[in-house]
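Biologist: Could you take me through this structure and say what stands behind each label that you use?

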Amino acid sequence: MRFSGFAEVSDRKFDFVKKARYFFIFSIVITVLGIVTLGIHGLNYGVDFRAGSSVDIAVKKDLTGQKDEIEKYLKDSGFGEPGLTVGTSRVTLRFDDVLTDAKEKTLKEGFNEKFDKDASAEVNTVDVEIAKELQTNALYAMLVASIGIVIYVSIRFEWRFAIAAIVALLHDAFIVISLFSIFKLEVNLPFIVAILTIIGYSINDTIVIFDRIRENLRFAKLKNAADIAKLVNESIWQTLTRSINTVMTVVVAALCLLIFGSESIRLFSLAILFGLVSGAYSSIFIASQLWLVLKNKQKPKAAVKSPAAS
């Protein structure tokens, strides 16, 4: 069978629709594991989302080999065991408690004396109320973005496309959040920016496939569910090269940021990488197949009876 308006894809090629059940099962398993992990470990919130102090120390020396000495100094000096990241040009400390002015002064003077006399420190403090407000605003940002996408897709396409798109986007965001929970990576404001960026890239890929499905629907002569399934499969194949090329271009850029970027954007780059892979997967293997499931549940329109001849 051929659909008018677009070339038929060889039956020997991979059938995305036929294997949709396995993709759904895989995504459900990952989601359940993520829920369990979040329930047990939660998220490793950075100072942006919890009360405490963040100390960024710019150093002239490479202290990467002295991490143990820095930890010992902090413990012996009564600073406890804060989160510590040592880079080639920067040392970052994360304290769960707000440092007093006296402690800030002691920390700066002690670090300069013991490790680098030319080091300069910057202290940022977040109190409890600000931390809660930032968490709330971050949730609002993702909620508003999701609602905006649903409205846009509903207007441009139809509500089934909108539901499929938002499920795929929530899937992508949750995968990244789960991975950060599993590996206990720090969640801060750049992480929220990364999630919103991921949503943007993911919906872009999904819309491309949806647009091709809509275009093919205009010219296809569909008689049954098998015809719609074949149309979806061929639409994915027609846009597959573009989807892969787009995501690989951004992956290369994010990988360069991860390898060559500073410590301050490393977790942002890592979140982007996780999200790009998850977004490409959901756009190709989840979103269109979910639309097909919803489409197949549509009740056929009743035939209009012509008036009987008098």
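**Labels and their cut-offs**

Modeller: Y140 is found in helix α4 (residues 128-156), where helices are DSSP runs of H or I with at least four residues, strands are runs of E with at least two, and both are numbered from the N terminus. This is a predicted model, in which local features need pLDDT of at least 70 and side-chain atom pairs count only at pLDDT 80 or more, while totals for chains, interfaces and linings use all residues. Residues are numbered from 1 along each chain as its sequence is written, and side-chain values use heavy atoms, with hydrogens and water left out.

Biologist: Why is Y140 called exposed?

Modeller: Its relative accessible area is 52%, and exposed means over 50%, buried under 20% and partly exposed in between (1.4 Å probe, protein chains only), so Y140 counts as exposed.

Biologist: Why is S54 called buried?

Modeller: S54, found in strand β2 (residues 52-58), has a relative accessibility of 3%, which is under the 20% limit, and therefore S54 counts as buried.

Biologist: What makes the pair of S54 and R94 a polar contact?

Modeller: Their side chains make this contact at 2.4 Å, whereas the definition asks for a pair of N or O atoms within 3.5 Å, one able to donate a hydrogen and the other to accept it, with residues adjacent in sequence counting only if both atoms are side-chain atoms.

Biologist: How do you know that β2 and β4 pair?

Modeller: Six bridges join these antiparallel strands, and pairing needs at least two bridges found by DSSP; I57 stands opposite V91 in β4.
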